[in-house]
Amino acid sequence: MKASRLRVAAAMLAAGAVTLTGCGSDNPTGETPGADRVYEGEGLTGTLTGVGSSAQASAMNAWKTGFMSKHPGTTILYSPDGSGAGRGALLAGAADFAGSDAYLDEEELELSKQVCGPGGAIDIPVYISPISLAFNIPGVEKLKLDPKTIAQIFRNEINNWQHPAIASQNPQADLPDLKITAVNRSDDSGTTENFTDYLSAAAPKVWPEEPGGTWPGSLQGENAKGNSGVVKVVANTKGAITYADDSAVDDSVSTVSVKVGDEYVPVTPEAASNAVEEATRVEGRDKNDIALELDRSTNKSGAYPIVLVSYHIVCTQYESEQTVELLKEFESYVLSSQGQQDAQEAASSAPLPRGLARQALQAVKSVEVAP
């Protein structure tokens, strides 16, 4: 386990509670998004609490609204405090599920058995989204960057927008003599873990650090909490650039097209799905644990490799029959064609392909009441 994850889990276990403020195959994809699901039944009641990924925030708001409109006797609470906080809350027994942009590692899986019973917890993919590189350069709306240049910018080794490495890839851009301000996340973040995973895979000679949910302490720079936090800093800072879930990026900033093979690929849901098509299941896991390994250094045409697959991490067992029933219904809705469409409309996410969604639905059905 990465040290940052251990610290979060240990802190949450020690605290014992958190404040809920808002609260198959190696190729897992198919052609049609969502899992087929018809919702029936009346009288479903109860409260389900989740903590975690801020990248999922917009999608979660849509899912909560859609589900509670179908089941008015239920309440879904979700606090988007970051992926690390979500995993910590689940491991502390302080949340029914965690939203996380990174799957549980082996030590976290072992820790989960203390709360979730002998089967521990499982990772269920629910959300696919590209991580945008959002920038604010006056007079420049389009920018192309290769992995090496991106890594050097975020290492502060390239610190002016007129640097030859940037200018040579953007001959049509009127790049100003302006300092680069690279902005990173201050909180433990699955977005950070996915972004640093990309940097270490696509530009290993420039980025020797291991991927992690917390930004490397040796790399100083501006920072802010959450996806919306870093985007706000960039929007207010000329010359700034950051990484953020695409759902948090608005018209106040522009986005980078990333070099993949011989082409530069812009940020789109379709390009994110193309990258996920290269993913494989993590080996050695329970059959219902659908943790995915992404190929960050892919040369596949039209694939955008800075992508996150975000999970709902749930226990395999719960003490309460009501919790099990509510969790299964909610996650089934999230994975349905309707749920995925709701998320896409709210967050511009890429819907889960049918094959992956069906695998995830089977995993949800495996959750049971503790004996």
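Predicted model: local features only at pLDDT ≥ 70, side-chain atom pairs only at ≥ 80, totals over all residues.

Student: Good. Is Glu278 buried, exposed or partly exposed?
Tutor: Partly exposed, because its relative accessibility is 32%.

Student: Which residue does Glu278 form a salt bridge with?
Tutor: Lys300. The closest N and O atoms are 3.6 Å apart.

Student: And where do Lys300 and Glu278 sit in the chain?
Tutor: Lys300 is in the loop between strand E12 (292–293) and strand E13 (307–315). Glu278 is in the loop between helix H9 (269–276) and strand E11 (280–281). They are 22 residues apart, and the pair links distant parts of the chain.

Student: What about the accessibility of Lys300?
Tutor: Lys300 has a relative accessible area of 24%, so it counts as partly exposed.

Student: How many salt bridges are there in the whole structure?
Tutor: The search finds 12. One of them joins the side chains of Glu209 and Arg155, at 2.6 Å from N to O.

Student: Why does the Glu209 and Arg155 pair tie together parts that are apart in sequence?
Tutor: Because the two residues lie in separate loops. Glu209 is in the one between helix H7 (190–202) and strand E7 (222–224). Arg155 is in the one between helix H5 (147–154) and helix H6 (164–167). The parts are 54 residues apart in sequence.

Student: Are Glu209 and Arg155 buried or exposed?
Tutor: Both are buried. Arg185 and Asp187 also meet in a salt bridge, at 2.8 Å from N to O. Both Arg185 and Asp187 are buried too.

Student: Which residues are linked in a network of salt bridges?
Tutor: Glu106, Asp123, Arg285 and Asp289.

Student: New topic. How many disulfides does the count come to?
Tutor: One. Cys116 and Cys315 form it, with their sulfur atoms 2.0 Å apart.

Student: Left-handed or right-handed?
Tutor: Left-handed, with -45° about the S-S bond.

Student: Where are the two cysteines, Cys116 and Cys315?
Tutor: Cys116 is in helix H4 (residues 106–116) and Cys315 is in strand E13.

Student: Hmm, and are Cys116 and Cys315 buried or exposed?
Tutor: Buried. Cys116 is at 2% relative accessibility, and Cys315 has a relative accessible area of 3%.

Student: On to the core. How many residues does the largest nonpolar core have?
Tutor: It has 94 residues. Trp63, Phe154, Phe195 and Ile241 have the most contacts inside it. Strand E4 (residues 121–135) gives the largest share, nine residues.

Student: What does Trp63 touch?
Tutor: Leaving out residues up to four places away in sequence, its contacts include Val126, Tyr127, Phe330, Tyr333 and Val334. Gln56, His312 and Gln340 are also among them.

Student: What does a second, separate core include?
Tutor: That core has 10 residues, including Ala134, Val183, Val230 and Val249.

Student: Last one. Where does Ser83 lie?
Tutor: In helix H3 (residues 83–91). Ser83 is buried, because its relative accessible area is 2%. Beyond four places in sequence, Ser83 touches residues including Gly52, Ser53, Asp101, Asp188 and Ser189.

Conventions. Residues numbered from 1 in each chain as written. Heavy atoms only, no water. Core = buried A, V, L, I, M, F, W, Y, C linked by side-chain atoms within 4.5 Å. Buried < 20%, exposed > 50% of the residue type's maximum accessible area, 1.4 Å probe, protein only. Helix = DSSP H or I, 4+ residues; strand = E, 2+ residues; numbered from the N terminus. Contact = heavy atoms within 4.5 Å. Salt bridge = Lys/Arg side-chain N within 4 Å of Asp/Glu carboxyl O. Disulfide = S-S within 2.5 Å.
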